[in-house]
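This report concerns the arrangement of a sheet and a surface patch in one protein model. Please examine the sequence and the structure shown below before reading on.

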Amino acid sequence: MQFVNQFSFLILAGVTFVILGWIILRRGDATTRWAALGALLLGLVFAYWIFNPGPGSAFDQAELLPGADRPLPALLEFESPYCLGCIAAQATVTQIEREYGSQLQVVQVNVLDPAAEPLLAHYGFQYTPTFVFIDRSGTEIWRSVGALDPQHVADSMEAPR
């Protein structure tokens, strides 16, 4: 696991509060300093509670692996709620869902969800966002890392499978 990841905020916030508490203790008891530190802590806890993504989306892994007969091809988006590239790609993904909703299943796989680990291992996931287009039999047709071109999806939907 890399040091700088989605949990780095928690580590840095903890270290910062320990250091600030130590500084306040060394300089003497100042009620306003302790109140400011407490208000900052409360604000960070509230922000974490508001922005915490919660559990990932539910999906049937068995039908996303090769060999499964599926009624529709699928576009898998390996994403993280903390990924800025994933947030930026959301408009494109929503557009594709609207345009091909009845012909294509769009599945967002939260890479932080432990239930997604078999899919991550099977598709060799490394970076967010990663988009994988799979056909009805679960075979990977193409993948795109970082950005999604709607025209690539359109071409894949028009190609005979």
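Two strands are taken to pair if DSSP finds at least two bridges between them. The model described here is predicted.

## The sheet

The strands β2, β1, β3 and β4 form an open sheet in the order β2-β1-β3-β4, and the pairing is mixed. Its edges are formed by β2 (105–110) and β4, each of which pairs on one side only. Direction ignored, neighbouring strands are turned by 20 degrees against each other on average.

In general, strands of a sheet pair through backbone hydrogen bonds, in either a parallel or an antiparallel manner. Here, strand β1 (residues 74–79) and β3 run antiparallel and are joined by five bridges. Five bridges also join β3 to strand β4 (residues 140–145), and these two strands likewise run antiparallel.

The term buried refers here to a relative accessible area under 20%. In a regular strand the side chains alternate between the two faces of the sheet. In β3, Thr-130, Val-132 and Ile-134 point one way, whereas Phe-131 and Phe-133 point the other way.

Thr-130 has a counterpart in each of two strands: Phe-78 stands opposite this residue, and Val-145 is its bridge partner in β4.

The hairpin of β3 and β4 has five residues between the strands. In this hairpin, Gly-138 takes a positive phi near 90 degrees.

Helix α5 (residues 150–158) lies across β1, β3 and β4. Relative to β4, helix α5 runs at about 175 degrees.

## A nonpolar surface patch

Which residues make the nonpolar surface patch? Ile-11, Val-15, Ile-19, Leu-20, Trp-22, Ile-23 and Leu-40 do so, and the patch amounts to about 600 Å². Helix α1 (residues 8–27) gives the most to this patch, with six residues.

Leu-20 is located in helix α1. The relative accessibility of Leu-20 is 32%, and this residue therefore counts as partly exposed. That class lies between the limits of 20% for buried and 50% for exposed. Leu-20 thus contrasts with the residues of β3: Leu-20 is partly exposed, whereas Thr-130, Phe-131, Val-132, Phe-133 and Ile-134 are buried.

Terms used:
Residues numbered from 1 in each chain as written. Predicted model: local features only at pLDDT ≥ 70, side-chain atom pairs only at ≥ 80, totals over all residues. Heavy atoms only, no water. Buried < 20%, exposed > 50% of the residue type's maximum accessible area, 1.4 Å probe, protein only. Helix = DSSP H or I, 4+ residues; strand = E, 2+ residues; numbered from the N terminus. Patch = residues over 30% accessible without salt bridge, like charges linked within 9 Å, V, L, I, M, F, W, Y side chains within 5 Å. Areas by Shrake-Rupley, 256 points an atom, 1.4 Å probe, with all protein chains shown as cover. Salt bridge = Lys/Arg side-chain N within 4 Å of Asp/Glu carboxyl O. Axes fitted to C-alpha atoms, helices over the stretch in contact; angles between N-to-C directions. Contact = heavy atoms within 4.5 Å.
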